[in-house]
Amino acid sequence: MTNSGGTAAAFGFSYQYLATATFVLNWLNSDACIDVTTAVLEVEPPTGGTDPDGPDDDIVDFALHVGGVERFRVQVKASKDPSARTLAPAEAQRVFDRLNAIRHDGESVLLTNRHLGPTMTSACSAPTKNELGLLFFWPGGAASSGPRGRQITVSHNRELEAYFEKLIRKVRQDKDLSQGVVSSRMVGTVLRHLIFDAAAGNRDRQISGREILDTLTIPDARIAHAAGAFDWGNAESQVPNVRSSVPRLDLLDKVGAALEVADRTPPLAVLTGHTGVGKSTIASDYCHLNHNRYETVLWLDARDEGLLRAQIRDWAERLTGRRVDPSANPAGLMAAALASHRGPWLLVFDGALGRGHIESFIPTIGHGSILVTTTNSTGWWPTARIYEVTSFTSVQAIECFAAYADIPPREIPAVAGAINTIVERLGKIPLAVSMAGLYFRNAQSDLAELVPSYFRTLEALDDTIAIPPGFDRTAFAAVSTAVERIGAGTGSRYVRNARILVMTASFVAPEMIPLNLLIPATSDPVRIDMADLPQPARADPAVSRAIVTLLRTQTIAHRTVGDASSGGNDLSSDCIQIHPLIHEIVRTKYIADAPEGALMNATTALLGHLIPWLGVMRTSSSFLALEQLRVHAEAVLSYIEELEPLSYVAAQQRKVYLTAKAGVMGEVAACYANTARMRKSSELLQKLVVLYLGEFPGEEWAQVFAMKHAADMLSDLSSASVEPHNLHQVAEKTLPMMLHLEQRGTDSTKEMVYSNVHLALQSVTREHQYRSYTGLDRLASGFGEIADRDPKKESRPEWLMRRNNGFMAAGNYQAVLDSLDSLRSAIGLVNDMVTLDALEVTALIKTGRLDRAFEKLEVFLAFELVANHVALSYRDGLGKIAGALRHVESPDDQERAEEYLMRTVGRFTAVEREIQAAQSDQ
């Protein structure tokens, strides 16, 4: 990936604070520091003078004093690519001239990760290896400082990190404290944050040696509290920014040890346990705690295979910096990208259903590690380290509650008994404990007085509510109570909107929920007009911010902003995610409490907004966003079908609901068809036909929709090359529907018949097996007669495509080329555009214009497939082109034609393999 100026600057500061902390700690542990009690680190000290090359406080990055006497004056220089930017004498001279502009008795030091250039190396003394790196002395030039001249120490990040941790463990060992990897890294982070605050002017520039050592010897029980104050956000890797008030140090230590990279075989660790015990939080903590030890951190939502494949393809492109082979297996793309990546990298599969769901995506070679979170505790790899995540210990639960209740550490002992009563009742389940803490923080009353009333509130909850498996009833009640208090006491005008949004969001998938979809779908009031559905648009940013802030008052949701490139869409990239258990509890409680007709109203609004969102993403080729929305649409359909029949207060309300549901089913079916999952598409379309004809018998609008979906089903079955008798079964039901509507329908109904009959005719005549099948020929004639009566037939894309097929069959390739412009202006779907591109290449080859044909073919071969969308049209196009290439007869062109034929057939084979895999997974 390319580095921006901001990235380079961030790297420089990161290296500077690491180098500062390591240098000063090395000095404090050495014999050179005579008296730790009078030792002082001064960060960005003022020099008292001016410098033409930079601001006064940018001359010295840090200085070390003992007893008021300056011992070292240091500047740090770092580069993201140290081997490419070597250090030359002129640059080094400028550094030391600035360091020595004001006389001092100590030594001047340049700390850098950059290699010395040849001239600089020859001018320095022979390097001495020490724990900090390579030490050079540069005696020449004016203003030499110190008895041995000016010091240059070349240190690299990984070596510095390792030595820094070693020094920390030594300090903690001397105080008989834990020397675990995670504990050491956490106190190291606290020290670097201390140095950063001094550099930023948030505290005194001078930090005493005693304060540094005290920071590194924080007792184990206080480490998590100290580290929990930091914002671990890392937008680039899309690791969730989850507030972790009590990092699980024991598990983090074990995971860290298990994921140490020893060779080219990536180690695996699996975190298992019930929902709500903190598996994802531990994984997030590990990522943020170790982000500077990994070159790349890849966080993947693994709960849906289709979405997972789309994410992996997106990451493969980001890792390689180029558009990937459109037909290649995304699992192979990721494995190849990570195998060649210099690393180390960390790959996280969050929420995996089981080994079989992610096994094809697990890289077996590379300089990195793999971490999985799952509720499934069985069937994992023998080589993987499995760690069960359970509830908090009593101490952890009390600390977590106190952090969320905003109880200062000094006050915890006085209320520990009352807190313990609460957390024990909650089973010490992390999610429930945190929610309970928020309840008491918002209540702003005496803790001991509130406990009895709190549990009376919990006990008053309906016993009949179904509690999710593995979750204690009291803990369930604690989460329910916190959800009901979203925005309590804030006075915000958007409290009602935020609560409605959370309840409605419980009917979609819990991850990657687009705010721009949910906010308008939950505005009050919402009215859905099926003839004028609301189009996708950006929600008011002020409303988005207000609602997200309200959700955070109860830690209900976390905001994530994805990458809109690589098939994404910026409208769908601004998302929230809700913990799956909170998501389930909200839905369970909402269903139990909803008044008559409320569920139907809410789901109708959601369905009515989803229809145009799915359609726009599909027709605009935003396939990553489309996969994201497909997951949400499937979730809504699944939940409401479990609850049906839903109550309603008026027949019209039910009619709009069923129509909106059918619209989403149709879009999901189109998504399946677009990705070669024809059986799933056909099954859904069949349900639609039954729904319309069964729920609305005799109503013309319902018959029109049933006819349209029947024609779509014919197209899907034909594209999948099903047996002729299967196609015949659908076609013999579709033709009478079209005849009936043409003869008795209104003008708008006839228009719908004519716009779909051409697709039906194309479907039953697509292949020779259909054209020669007894019975289908009669049905094809019937569809053809209706198509001939269409007054607008010559403008229909399907009619124009059939005419082109006739030109191709007759060898009239110039006529094909002449018709392409009018065809392209008549169609809008990506599938048809792909078909036309293939026809153009084929006709150019057939007419001998090979240079132009091969130029167009290069573009066609580079076409990107995302999650198998438009794979069938692309495969068919490749087949037509390959057939044309096989008949190139000119000896001068045969070599080039053979080369392109091999590439085209190779792509065809790869795409066909993906299509077969998609169809076998249905």
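**A parallel sheet, its helices and a buried glutamine**

In this predicted model, an open sheet is built from 5 strands whose order is β10-β11-β12-β9-β13, with parallel pairing. Its edges are formed by β10, covering residues 296-301, and β13, covering residues 385-388; each of these strands pairs on one side only. Between neighbouring strands of the sheet, the average turn is 15 degrees, direction ignored. In general, the strands of a sheet pair through backbone hydrogen bonds, in either a parallel or an antiparallel manner.

Strand β9, made up of residues 268-272, runs parallel to β13 and is joined to it by 4 bridges. Within this pairing, A269 has R385 of β13 as its bridge partner.

Two helices may next be placed against the sheet. Helix α9, residues 279-289, lies across β9, β10, β11 (345-352) and β12 (368-374); its direction makes an angle of about 160 degrees with β12. Helix α10, residues 305-320, lies across β10 and β11, and runs at about 160 degrees to β10.

Attention now turns to a single residue in another helix. Q16 is located in helix α1, which spans residues 5-28. Is the side of the chain at Q16 buried or exposed? Q16 counts as buried because its relative accessible area is 8%, and the cut-off for a buried residue is under 20%. When neighbours within four places in sequence are set aside, the residues in contact with Q16 are E44, D61 and V76.

Conventions:
Residues are numbered from 1 along each chain as its sequence is written. This is a predicted model: local features need pLDDT of at least 70, side-chain atom pairs count only at pLDDT 80 or more; totals for chains, interfaces and linings use all residues. Side-chain values use heavy atoms; hydrogens and water are left out. Two strands pair if DSSP finds at least two bridges between them. Axes are lines fitted to C-alpha atoms, for helices over the stretch in contact, and angles run from 0 to 180 degrees between N-to-C directions. Contact means heavy atoms within 4.5 Å. Buried means under 20% relative accessible area, exposed over 50%, partly exposed in between (1.4 Å probe, protein chains only).
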